[in-house]
Amino acid sequence: MRRLHSYPLITATLILVSCPAPGAELPQPPNTEPSKTRALPAAEAAAGFRVPGGFRVNVFAAEPDVQNPVAMAWDTRGRLWVAENYTYSDMTQRFDLRLRDRVLIFEDADGDGRFDKRAVFSEDVQRLGSVELGFGGVWLLCPPQLLFVPDRDRNDVPDGPAEVVLDGFRVATDNHHTFANGLRWGPDGWLYGRCGASSPGEIGVPGTPAEQRIPIRGGIWRYHPGRKRFEVLAHGTTNPWGHDWNALGEMFFINTVNGHLWHLIPGAHFARPHTIEPNARVYAVIDQHADHYHWDNAKEIQKTSPNPGSVNDQRGGGHAHIGLMIYQGDQWPDSYRDKLFTLNMHGRRMNVERLEREGSGYVGRHEPDRFFAADPWFRGIDLSYGPDGSVYVLDWSDTGECHEHEGVHRTSGRIFRIAYEDAARIRTGDVSRLDEAALVALHTHANEWFVRQARHVLAERAAGGKALDHAKAALRDMFEHEPDVVRKVRALCSLFVIKGTDEAFLRGLLHHEHESVRTWAVRFLTDELPIDTVFSRRGGTDVPLSKELGEEFATLARRDPSGLVRLALGSTLQRLPVDQRITLAEALVSRSEDAADHNLPALIWMGLIPVAESNPDSLVSLAVESRLPDVSRMIARRLAEDIESRPAALSHLLERAARQPEAVQAQVIAGVGEALTGWRKAAKPSGWDALERSLAPSASSALRERVRDLNVLFGDGRALEDVKRVALDESADFEPRKSALKTLIESRPPDLRSICERLIRVRFVNAVAARGLTQFDDPAVGVLLAKSYRSFHPSERSLALEALVSRPVFARALLDQIAAGAIPRQDLTAFHVRQIRSLGDPALNERLAQVWGELRESAADRRERIAAVKRQLGADSLAAADRSRGRAVFDRVCSACHRLYGHGGEVGPDLTGTGRDNLDYLVENLVDPSAAVSADFRMVVVAMKDGRVLNGLVRGQTERTLTLQTQNERMVLDRRDIDEVKTSSQSLMPEGQLDALSQAEVRDLVAYLMHRTQVPLPKTP
């Protein structure tokens, strides 16, 4: 490989980027969006914004000067660099690689808020998602690659071909809109980026062997250009597409679908709604950091929005959020400063958050939404305040959304500028030409834009070998004497970036009066230690921390009053070698005030995961002495998972727990129970009897039941008889009986069939009994189940059907009852039909076609069906629809998997905040749900050794169990009972959902789904 370009800091290996030849004429981008509507003219769209008093919106640039803008960045001259993406295509084509993407430069020379000069920097890249500037060139994120385009002389012309700095950012073949994005320089000198959970990657410099690459499964990452080091800081969420830092340097990022606002916590594994957590030992993930949602999901929200219209509208507009800005400019009123703004796609507005310290981190409080767009084509995709303090908003300008089922309108795009009153015209000059004194002085500027530019210029000079003695002294003086903590943090970050700090100085800051300074001191002292985000393939770092610093951290963890400092120390666990983690963890778990903290218990456990592998005994004392119950429970769970291979540590824990208060014992019991869920039998650990005896007098019936269930698992015959008595006790409440029956099903005693047959007509218990009977491959059992169908409560008949479609002999009995009219044909959904077909019995499929009908399986059939449904659903037809009846259809057909307005299952996506008012999008997903299905929603077919066949989604895996989410329940299966697992290319949502419905039911269902507010159910006659 040739090294074609280098400069003092960046030396990247050159790999020629695979794209059309440089200099070739940019192909005319085609518009594939079929909509007959058009975007409002740019000036009219600007005038149509509904804004607070005193604000004005004007067009900075619009088509044809800018098209498909996807990201932006500022240079030291105050010029706006914009990434245009033409290659992004529809869900069928994904990316159109016949096209190319482009990087533009806009300059407002006279400061009037409209561009005067426009230049093309590059039009030779593809899949362009982000742009950033620095260190002698331009950084472009073009998955699967992070590129660096050199421009050392800053003449806006590339010095040579793009260099591949990193590769391995996979472009998902399904959810292609979740690809890596978001380049931004952080206050610590690292280049930060984001990645969607459906675009897993294996990252490294070109040529890195597979075993040395760093895996990413969604989340936040960063790259240090000087050290040439990549690390994943946090995993999870769905599709983060915006981040920024507050005045104290804390990073926040925005997300779509499962909560919108997240505080970056290095080492954290965040909630991910539909992808599998990559480390099976992460037992608890961290949820979002807002106290509300921007759509109606029946969760509490501060109802402060004055917006008229639907509940969704009142709450913020929907679940799709793009771009994030914490306003720290100097042009808007002070009341807007430090507020967080994000663009809500479906709501066509900015959502506003007030960030408040709470516990170990922050919480976002809902503020009134602002800046409502009138243009139906408005698709805000990024926002940023500029050198003039005004805010600039990129508008993708299209009718679709990220899924783009119909096509892309590539020749539209706008950049709006939002200013308050008559914004003063400023001339930025060129920050890079200022001397050290001037750059340091900019650290006191009211507009954070200048602070960040000054810091970056200093970083470039330091990387180029400049000593910067004057800057270091001046920044140190500012840090020491500036009373404003924001300016202190600014100076401290810049000092660190230009190597103006050493360990002695930073250790002295561990006792500083302000928590943010102490927090940054912890981070900077460990910044060069590689982070281990407890991925399954990695076992900790090998760079030790000095004994003295380790002891100082432990003392800080025990004594520091700030949860934010303890959060930084919790993150630090994952930067330490495994054998150094216990000391710090002991101090962290001693803080009882963190027991219910949003972040710390889970984060501490994440740092302890590798300890269980290398030294499980060291966790025993930690579990019984911890003042954080969740940590105790998770340690017990982890040790119990090794009950067969390494039982000594678990036995030791149980012996210690027997002498502890009941609160500690309850957590140990809970953890052991979680570990053995799905197991039928396990050897009793040696310490169990002592713990069981100590809990015999417990007043907690729930705790005694958990002990009893574990006794059954450990082979205690007396406990088994007690469970049978509870299950068959007609005077007992339903819940204890169901719980007891579930325990019996897991343990499988010889008389299980007779017990379940006795209970199959006991309403509310029979749903569990049906699951027990599925273990017996006997036609008589199928007949009994089918004939008992009407004994099930209507809300649980889907569970009976799930049992009946698990075996061929059961399915035959089911179809016979449908043919006889004993079971309504419409109760058998397309999901059940596909389950029957997956049994692989030709005679059964023929009987299914006779009784229920055929599924349309070919692509041509589906296209014809889509067209036919759309023809039926004209404006007049939808106007005549009964939405209340549509809600009843939804409850019958869709709610087992999907939530809408806070009600329904959570197998598939929550539909409340989606763009379901688009008829094309809606019908295509209903008729052909597998047309573009991500790996997260691909169905698996599980063949059990007892002959059952189960369909569902894999939701978790351990060495011993597989967790399967079916349409109706989450099942934990013992791997020893599984014969084969096959992954299908199909979505769990089957085709043919509409085939069993009448035309009126289809019309009513679609009208209900397209409606933006909840409607009542039909009145019962």
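User: Which backbone atom lies 2.8 Å from a polar atom of the side chain of glutamine 580?

Analyst: That's the backbone oxygen of leucine 545. A quick word on the source: this is a predicted model, where local features need pLDDT of at least 70, side-chain atom pairs count only at pLDDT 80 or more, and totals for chains, interfaces and linings use all residues. Residues are numbered from 1 along each chain as its sequence is written, and side-chain values use heavy atoms, with hydrogens and water left out.

User: What makes that pair a polar contact?

Analyst: A polar contact is a pair of N or O atoms within 3.5 Å; within protein, one must be able to donate a hydrogen and the other to accept it, and residues adjacent in sequence count only if both atoms are side-chain atoms. The pair of glutamine 580 and leucine 545 sits at 2.8 Å. Glutamine 580 also touches Pro544 as well as Leu545, leaving out residues up to four places away in sequence (contact means heavy atoms within 4.5 Å).

User: Why is glutamine 580 called partly exposed?

Analyst: Buried means under 20% relative accessible area, exposed means over 50%, and partly exposed is in between, using a 1.4 Å probe and protein chains only. Glutamine 580 comes out at 25%, so it counts as partly exposed. It's found in the loop between α10 and α11 (581–588); helices (H or I, at least four residues) and strands (E, at least two) are DSSP runs, numbered from the N terminus.

User: And why does asparagine 246 count as buried?

Analyst: Asparagine 246 has 11% relative accessibility, so it lands in the buried class. This residue is in the loop between β16 (243–245) and β17 (251–254). It touches Phe252, Ile326, Gln328 and Tyr362, not counting residues up to four places away in sequence. A polar atom of its side chain lies 2.8 Å from the backbone nitrogen of glutamate 250.

User: How do you know which class phenylalanine 148 belongs to?

Analyst: Its relative accessible area is 0%, so phenylalanine 148 is buried. You'll find it in strand β8 (residues 145–150).

User: What makes α8 roughly parallel to α10?

Analyst: The axes of α8 (residues 515–525) and α10 (residues 563–572) come within 8 Å and cross at roughly 10°. That makes α8 roughly parallel to α10: angles under 35 degrees count as roughly parallel, over 145 as roughly antiparallel, 65 to 115 as roughly perpendicular and the rest as oblique. The axes are lines fitted to C-alpha atoms, for helices over the stretch in contact, and angles run from 0 to 180 degrees between N-to-C directions.

User: Which residues make that contact?

Analyst: From α8 there are Glu515, Ser516, Arg518, Thr519, Val522 and Arg523, and from α10 there are Leu564, Val565, Ala568, Leu569 and Thr572. They divide into five nonpolar, three polar and three charged. Here Ala, Val, Leu, Ile, Met, Phe, Trp, Tyr, Cys and Pro count as nonpolar, Asp, Glu, Lys and Arg as charged, and the others, Gly among them, as polar.

User: Why is α26 described as largely enclosed?

Analyst: Seven of the eight residues of α26 (residues 830–837) are buried, so the rest of the structure largely encloses this helix. The buried ones are Ala830, Phe831, His832, Val833, Arg834, Gln835 and Ile836. Among the elements they pack against are α27 (842–851), β28 (938–944) and β32 (978–987).

User: How do you know that β28 and β32 pair?

Analyst: Two strands pair if DSSP finds at least two bridges between them. β28 and β32 have six, in the antiparallel sense, with lysine 982 of β32 as the bridge partner of valine 941. β28 also pairs with β29, antiparallel over four bridges. Five of the seven residues of β28 are buried, so it too is largely enclosed by the rest of the structure.

User: Last one: why are β2 and β5 at the edges of their sheet?

Analyst: The open sheet has four strands in the order β2-β3-β4-β5, with antiparallel pairing. β2 (69–74) and β5 (117–125) each have a single partner strand, so one side of each is left without a neighbour in the sheet.
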